[in-house]
Amino acid sequence: MNVLTVDHLAKSYGVAQAVSNVSFTIGEGEIFALVGPNGAGKSTTLRMIATILRPTAGTIAVAGHDVQKEAAKVRELITYLPEESGAYKALSGREYLHFMAGLYTNDSTKRREYVQRAEEIANLGDKITAKVSTYSKGMTRKLLLARAMMTSPKLAILDEPTSGLDVLNSLDIRHIIHDLTKQGTAVLLSSHNMLEIEYLSDRIGLIVGGKIKETGRPQDIKARHDAKNLEEVFLKVASA
Amino acid sequence: MKRFWVLLVKELRELLTPQTIIPIVLVVIVFMGLGKVISQQAKLQGQPQPVLVIDDDDSAASAGVVELLQHANLTVTLKKQAALPDFAQPLNQKAVIIIPAGFGKALGAGQPARLESYTIQNGFSIARLADSALVSGAVAQVNAALSASRLHQALPHADPAATLAPVKNNEHIVVAGKAANISPAKIVTYLNSQIAFVPVILFIVILFAGQMVATAMANEKENKTLETLLSVPISRTTIVAAKMLAAGIVASITAIAYVYGLHSIQSSFTGSQTVDAATTAAINQLGLNLSLHSYLLLGLALFLGILTALAIALVLGAFADNIKSVQSLIMPLMVLLMIPYLASMVTDIQTLPRVFQIILYLIPFTYTFQALPNLYVHNDSLVLLGSAYELACFIGFILLAAKLFSSDQILTLRLGWLIRKR
């Protein structure tokens, strides 16, 4: 059964069409990446799946639940990491995780479990008790990723998870994402970084001008376009 | 419900930072300190004030005037036939009074006898206001004593007081259909002392509550936490309610601090003035004491005023890009508060032209500002009607806020967008 089914999805802001006729699916434990330039409609698509924006047309189902009709149920099953996101600066890393865990469960034992798992994923050491305002960008991103993964969601939606991070932090985050799919979590991510996409994704969707031009496994798409890497593929698709 | 508390605690932690707590504590400390200073000043004003009297006349009449001045709460330093002191040099006197040569002669001839006085005004604050009237007050007492003495000499069997003021006015006051035998000025002064600071506190509390909730919204956007919050399994209504309640709690803490601080200042003004038995009896007779029922109605009007401000601020806060934009966004709320605030301070709404009355009564906060004066005159129905209107406004704005939060607009609305729309 597909964890995510996106069918003929569209979103417009007045006369501007941000997303048009987008369809794809993601299976359990699969990593699917939306690849495209700035303004291609990646973040808008992710936001609609995360129940934050309402689609103009089309349907989205998470584990069989319609995102619009059963938004509350869908929010129990997903976690979302926006591209530009932060944590509450007045809280420490641990307090932030406690707060977020408290929004997912009323059970204090489960809450502790979530926080423990998140602390393991974030791997921030003693800094977990320090105020978030003292964190570097990489540390904050790891904390947020850990928050997104702590509930072992059915679907994790990660918008540019390594955006603005150095090589070491990016590698750490890629490993975290990879490890989590082993527990069955499906991951939908967006990125500009073609190398990262090639390394991480099981399948990709090339999105340009709000439309998905092509979907498939990275190696299949490369072979189809007789390209050495995804950047070459992307240039061909975007200019076509 | 548990998730609501989790959110509420987070909101309170965000709002109750050292940056918000320190000013609140400082307000209490500064106001209490100010109260003590004013109280000391009032005590000093009540003590006999030092004046220098230069008696150039050196007559029996001038000696009599000096004695009368000493009875007019002045500590007199007397110099005979001395030169005017150099005012450029420090002089530990509040005033210099000169009794010129020929003063006694003019007084004996029944002509106006002139004094020369120099009031040394060392400041222009309210506390120094009494200094300006020090000499004229003392001279009025001297005149009253001399007039009584002359009358006694001319009409030995007449009562000087009855001759000087032949008509006596037995004053009554009527409030809300009830009459009492007392000077209206006494009752008005008493009521003013009871309600003078209330509009100030209402203004601060309501504005502060509004600012808090708009800041909470701006914080979410500036810290990039809003999108995450909107994607968690918690209803938008719960998010809105937690933000409003947290802002309401912080505003209430601020209100208590301001009430305590302002009470210290008010006590310093009125501390020495005890309400006499006649005034107390008249207050009871007029029913000008607030009952528990009145306090409940006042609480309701204040509560609904705060809720309405929070709901308006939540809608305005949806346009905030960052903390800086909150000040601009909160401006409409400030105007809505300022108009009834100033109106309640300087005028009686009933006496205003109809168009201004309509404008004022359309503003929900007018009913909060008018609640206490209305309760004193037992106009409970107007307070209840006002509360019902405030409730309707609150429901309207909270529905608008809920609509914004459950739509895309909570992410897409910006102050810039609003300006461009204009």
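**Close-up views of a two-chain predicted model**

**View 1. Chain B as a whole.** Chain B holds 20 helices and six strands, where helices (H or I, at least four residues) and strands (E, at least two) are DSSP runs, numbered from the N terminus. Its radius of gyration is 30 Å, well over the 22 Å that the globule rule gives for 422 residues, so chain B is more spread out than a compact globule. The radius of gyration is taken over C-alpha atoms, and the globule rule is 2.2 Å times the number of residues to the power 0.38. The C-alpha trace of chain B spans about 95 × 55 × 40 Å along its principal axes. Of the 422 residues in chain B, 33% are buried; a residue is buried if 20 or more other C-beta atoms lie within 10 Å of its own, exposed if 12 or fewer, and partly exposed in between, with C-beta atoms placed from the backbone. This is a predicted model, in which local features need pLDDT of at least 70, side-chain atom pairs count only at pLDDT 80 or more, and totals for chains, interfaces and linings use all residues. Residues are numbered from 1 along each chain as its sequence is written, while chains are lettered from A and ligands numbered from 1 in the order in which they are written.

**View 2. Chain A as a whole.** Nine helices and 10 strands make up the secondary structure of chain A. The radius of gyration is 18 Å, close to the 18 Å that the globule rule gives for 240 residues, so chain A is as compact as a globular protein of that length. Its C-alpha atoms fill a box of roughly 50 × 40 × 35 Å, taken along the principal axes. Buried residues account for 47% of the 240 residues in chain A.

**View 3. Helices H15 and H17 of chain B.** H15(B) (residues 331-346) and H17(B) (residues 365-376) pack at an angle of about 25 degrees, with axes 8 Å apart. Axes are lines fitted to C-alpha atoms, for helices over the stretch in contact, and angles run from 0 to 180 degrees between N-to-C directions. The two helices, H15(B) and H17(B), are therefore roughly parallel to each other (angles under 35 degrees count as roughly parallel, over 145 as roughly antiparallel, 65 to 115 as roughly perpendicular and the rest as oblique). The residues that meet include Leu336(B) and Tyr341(B) of H15(B), and Phe365(B) and Phe369(B) of H17(B); two residues are in contact if their C-beta atoms, placed from the backbone, lie within 7 Å. By class, this contact of H15(B) with H17(B) has six nonpolar, three polar and no charged residues. Ala, Val, Leu, Ile, Met, Phe, Trp, Tyr, Cys and Pro count as nonpolar, Asp, Glu, Lys and Arg as charged, and the others, Gly among them, as polar.

**View 4. The contact between chains A and B.** Chain A gives 23 residues to the contact and chain B gives 19. On the side of chain A that touches chain B, helix H2 (71-77) and helix H3 (93-104) each supply at least two residues. H3(A) gives the most to this side, with four residues.

**View 5. Pro82 of chain A.** Pro82(A) sits in the loop between strand E6 (78-81) and H3 of chain A. With 25 C-beta neighbours inside 10 Å, Pro82(A) counts as buried. Leaving aside neighbours within four places in sequence, Pro82(A) is in contact with Asp159(A), Lys224(B), Glu227(B) and Thr228(B).
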